[in-house]
Amino acid sequence: MNGSLTFLSVAPEIALAAAVVLLLLVEVTFKPRAWAWAVVAGAGLAAGTALSAWQWVAHRGADTGTFWNGMIAVDGFAALAGLLVFPLAGLGLMSAWRLAASQGRRGAEFIALVLLAAAGAHLMAAAADFIMLFIGLEVFSLSLYVLAGFTRERVDADEASLKYFLLGAFASAVFLYGVALVFAATGSTTFYGDGGIADYLAGTVIFRPGVLLAGLALLLVGLAFKVSAAPFHVWAPDVYQGAPGGVTGFLAAAAKVAGFAALARVLTAVLGARADDWVPAVAVLAAASVVVGTLLAIVQDDVKRLLAYSSVAHAGFILTALVAGRGGVGDMWFYLATYAVQVLGAFTVAAAVSGDRAGRSPLAHWAGLGRRAPWLAAAMTLMLLAMAGIPLTAGFAGKVAVFRAAIDAGYLWLVIVAVLATVAGLFFYLRVIVAMYLASPEEGASLPASPAVGWGARFVLAVAAAATLVFGIAPWPLLEVLRDALPL
Amino acid sequence: MTVNQFLILGALLFSLGVYGVLVRRNAVAVLLSIELMLAAVNINLVAFGSLLGDTLHTGHIFALFVITVAAAEVGIGLAIVILIFRNRSSANVDELDLMKW
Amino acid sequence: MEAGEVMVSLLILLPLGGSALLLAFGRRLGEPAAGVLGTLTVGAAFVLAAVAGGDFLAGGAHATHIPWFDWLAPLGVRAGLLWDPLSALMALVVTGVGALIHLYSIGYMKADPGFGRFFAYMNLFVASMLILVLADGFALLFVGWELVGLCSYLLISFWFEKPVAAAAGKKAFVVNRVGDAGFLVALMLVFAAFGSLSYEEVLGRAAGELSTGMATAITLLLLMGAAGKSAQFPLYVWLPDAMEGPTPVSALIHAATMVTAGVFMVARTGVLFDLAPVSAAVVAAVGIGTALYAASIAVAQYDIKRVLAYSTISQLGYMFAGVGAGAYVAGMFHLTTHAFFKALLFLGAGAVIHALAGEQDLRRMGGLWRRLPVTTVTMVVAWLAISGIPPLAGFWSKDEILATLFARGGAWRAVWAVGLLTALLTAFYMSRLIFLALFGERRWAEGAHPHEAPKVMTVALGALAVLALAGGVVNTPWRPGLEHFLEPAFEGLDLAHLPSGATQWVLAALSVAAAAAGILLAAGAYLRARRPAEEGPTWELLRRGYGVDEAYARVFAAGGQAVARFTDEAVDQKGVDGLVNGLGVLVRTVGERLRPLQTGFVRQYGLGIVLGAVALLAWFLSRGGF
């Protein structure tokens, strides 16, 4: 199987790429109405989801199969990433639909970029070679750099875009240097198969592992940057705050999913033999992330920035699952999937409250939202409670799952730090809830009487709320299923 | 010539790039510094590829990919820099501090 | 599922469903339909609890586990209920007192714009409390624990237009979180030690597997959570402020049910406290210390609800002292009777406030007994009950705690002595409240027209008065019904026992004497001193007369008040409040200090990434060098 060139293995990427090409061609040729974009994008995403579902059914729980000379992996892990990323891109598009439609003819580019980002994210999860991982990473990141600055005339968004780009490119270069060092130490960039990195590390005693270890460290820097784990999180608050409201949700959700998918495969499947080296480092990154994210979120006065720091803390919680190595990957997926939906929902509300082109969303905009828009406020409250880890929401189940994984791995101190951060974290989630329900809008503040919510955004919020409650009350079926989503 | 010399050259070039990212104020110069880092990666990849005598030439091919992607990256990067320049008449990254704390 | 299991499950689902209905249609239902619906669901839950609990009364019934669903099963987290005498008792108290308070609220909340919302929250609260007490493991207990805190927050800041109310709600939430932090860490340790969170596993295996050190750590952290929820030193500061909520909320949450969660939890996890004598002693010390401390503060309060709030803290201290000493039955007994008379006191205070159109200051009350006969009668019953006058309910339960403390001997005798002193203080401040509010001369504003509360309110008062009057019969030394009832729940525990024979009588006499002394002192200080018109040689003689009055008045009324005011102002507001606020400020300050690191400059972000990378490189290279 190793050398086989079947196109089915990369079918999800092909479907998405075809949709992008078709979309742009149709746009240039016919200049259609916006609904035509939706049809093409929807078809592409549906095809991608269906193909991932097929891969899931066919390959879940089985050994990883590699294709194209060990470039592409087909397994439950990759299929699950598709099942998560493509619907997420669909929801992201619905959430940002008004923004896209308001951009005139550039709306098609917007949609094309989201689809490309989704394809790149899936490629990151399905890569079986550092070359593929790098290409996926770049396709994904380059799309997001542009999306972050999509509202060209706003200086906030431009700044977000440039900061994201410069720091992202910098981190990519560091990542690549790490890959080059790992290549030097192991003689391969392929993950699996005879002579692959996993095989080499498992079968060889390395007497002077300096080059390999330095490579590991730099690899970790690059991927930790993507998931915004402290101390590589600095870009996230500025980018989340500056990016247009409609984009931030997808940006935040997709970056986490893609980054952690790559991180999980590289750490557990490829570098599993060096777990003793990277587990303590990941534990420290996790602790730093929950502490820094929580402390800095407490002092924020802008909801989008607050959510950005909270996402740093969540990166820490998800890393907590990874200290358990392969045993924690299922828990990581659970947390990742539920959090991605929550963060998309929360930013969708933020876009409705402060406008989907606007960057900032100061707390003053949220005052009295409970009366102005009760459903929006209720949805936001649910998302915030879930992120805070209140029982009977998916956030709580996720926290229990990742904490359990870390305890089993013997990292009780990390769990205690994370628990204390969880408790302290309630303060800032509560601040937003208090503003929505207990504060009145300031005199003379010009706020829309009831924030504008499109049908797409409503659908996103309904899905997010349903998922948060269902997986909060009965998380087990999903957790059971996710056991098969291991990289082998 | 041993592989160590290439390694040292790569490391020096990489450090130079990092230094450039940290000290240059012009966004284009920062971009150039990142390119320098990628060049260092390429030197490493090609040097190791030759040293290992890999019949698949993984290192060389990887370098080609890096060059291609770097070109795309520069394309997008320059576009963003031009956007910033149009809005602010400056490409100084130290003036980009609307969002902080 | 058998009929009994269905009944117990319905117990939670009834008020939960009621809450959902009220949230959705509360406004459309209007008054009084929303209140009636709320009352009926809780009342029906009480009937179910009584029927299902009847088995235990008959004896021979075993604790039943009612599995609900596999929540996080392979993580050792199942959602299920445990129906044993302990949870049955708690369920009865919660639904019984809860139903009466719901009934009372129909009158009290009349014409409030948030009528429907109020009952929705109240129902949700009852459901949450039932989840807490019926849980069969720490995980579901924690769910209830959090929901109860959330409801408390919603209800304290119910009138959120008032900034004080909103601030009080936040304070309650924040202080509770501090306790919860300890509680959560305790749960982590439990999980780390047993790999499970179900009571059956943990409590069943604890005796054989848990080291004393681990047990002490777990129980001390549990105590931290209990102290937060049950308003014990030093985490009690939220309770007095919580009085900003509507009075029925104070009665239900901050007297009868939520605050008892801590006591209940200690009783439930008694096995762990048994393994950690140090923690048990700390529980008792915290309890008795809080009891005395809060009672001394209550003496100096002028706000009628704040007196009751400090009184609640003090009484909860008794319960902690009881369960800490191993007198689990006595602690739970006092919890039950306290729920009756404290709910009654709050509702009575509510009727007084209601009558005076919102006045809460004792100095502007007085002489209300003529206008509020029903309220007065019921309040008097509650007053005598809390003071510990036989044969009212409070006497039996408080005396049982005190007697058990005495019987354990050794250092526990000191605890007993403090408890006795507190009993005296309790009688004193409660009498002061009653005398100032209901008796003596009228001091309320001209133009106020105090009127008796409507029927729905007085009916609830009457029912609670009966319970406060006769509730003690469930567990007298001659017929220890409750002890037999609870026996299966505390099987195998190192229980403290009542002293036998004459000792018991002497101790009871001492308690009664302390209570009587407190009442008499208060009568001297307030009933008469506030009536300067009473002239004449006899009055003169009495006033300075034996000199005792004045001395006591000076020592207790003046000296005691000075001490009380000092503790209130210096220790309470600066010390403990400072500590709690300080924690928040500390976290914020650290956050503020970190904030400037995020300069907004790309190059400095780059430097941050490089430094992080260097740190990681250093770690990895330290693992094996070149």
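**Exercise 1. The interface between chains C and A**

How many residues of chain C are in contact with how many residues of chain A? Work out also which elements and residue classes make up the side of chain C that touches chain A.

*Solution.* The model is predicted, so local features need pLDDT of at least 70 and side-chain atom pairs count only at pLDDT 80 or more, whereas totals for chains, interfaces and linings use all residues. Residues are numbered from 1 along each chain as its sequence is written, while chains are lettered from A and ligands numbered from 1 in the order in which they are written.

Step 1. Apply the contact criterion, under which two residues are in contact if their C-beta atoms, placed from the backbone, lie within 7 Å; this gives 48 residues of chain C in contact with 54 residues of chain A.

Step 2. On the side of chain C that touches chain A, at least two residues each come from β1 (64-72), α5 (138-156), α6 (163-194), α23 (548-594) and α24 (602-622) of chain C, and the largest share, 12 residues, is supplied by α24(C).

Step 3. Sort by class, with Ala, Val, Leu, Ile, Met, Phe, Trp, Tyr, Cys and Pro as nonpolar, Asp, Glu, Lys and Arg as charged, and the others, Gly among them, as polar. This side of chain C then has 30 nonpolar, 9 polar and 9 charged residues.

**Exercise 2. A helix pair across the interface**

Describe how α9 of chain A packs with α24(C).

*Solution.* Step 1. Take the axes as lines fitted to C-alpha atoms, for helices over the stretch in contact, with angles running from 0 to 180 degrees between N-to-C directions. Helix α9 (residues 210-226) of chain A and α24(C) pack at an angle of about 145°, and their axes are 9 Å apart.

Step 1. Determine the hand, which is left-handed if the near helix is turned anticlockwise from the far one by less than a right angle, and right-handed if clockwise; the crossing of α9(A) and α24(C) is right-handed.

Step 2. List the partners: α9(A) contributes residues including A:Leu213, A:Ala217, A:Val221 and A:Phe225, and α24(C) contributes residues including C:Ile609, C:Ala613, C:Leu616 and C:Phe620. By class, this contact has 14 nonpolar, 2 polar and no charged residues.

**Exercise 3. Two helix pairs within chain C**

Compare the packing of α8(C) with α13(C) and of α14(C) with α17(C).

*Solution.* Step 1. Helix α8 (residues 212-229) and helix α13 (residues 277-298) of chain C have axes 9 Å apart at an angle of about 20°. Since angles under 35 degrees count as roughly parallel, over 145 as roughly antiparallel, 65 to 115 as roughly perpendicular and the rest as oblique, α8(C) and α13(C) are therefore roughly parallel to each other.

Step 1. Their crossing is right-handed, and C:Thr216, C:Thr219, C:Leu220, C:Leu223 and C:Ala227 in α8(C) meet C:Val278, C:Ser279, C:Val282, C:Val283 and C:Val286 in α13(C). The residues of this contact comprise 7 nonpolar, 3 polar and no charged.

Step 2. For helix α14 (residues 304-324) and helix α17 (residues 393-408) of chain C, the angle is about 40° and the axes are 10 Å apart, which makes α14(C) oblique to α17(C).

Step 3. Here the crossing is left-handed, with C:Tyr318, C:Ala321 and C:Gly322 in α14(C) meeting C:Lys398, C:Ile401, C:Thr404 and C:Leu405 in α17(C). This contact divides into 4 nonpolar, 2 polar and 1 charged residues.

**Exercise 4. Burial**

*Solution.* Step 1. A residue is buried if 20 or more other C-beta atoms, placed from the backbone, lie within 10 Å of its own, exposed if 12 or fewer, and partly exposed in between. Of the 626 residues in chain C, 59% are buried.

Step 1. In helix α11 (residues 261-268) of chain C, 8 of the 8 residues are buried, so this helix is largely enclosed by the rest of the structure; among them are C:Phe264, C:Met265 and C:Arg268.

Step 2. A:Lys31, in the loop between α1 (11-30) and α2 (34-59) of chain A, has 10 other C-beta atoms within 10 Å and is therefore exposed. By contrast, A:Pro209, in the loop between α8 (197-203) and α9 of chain A, counts as buried with 21 C-beta neighbours inside 10 Å.

How values were computed:
Helix = DSSP H or I, 4+ residues; strand = E, 2+ residues; numbered from the N terminus.
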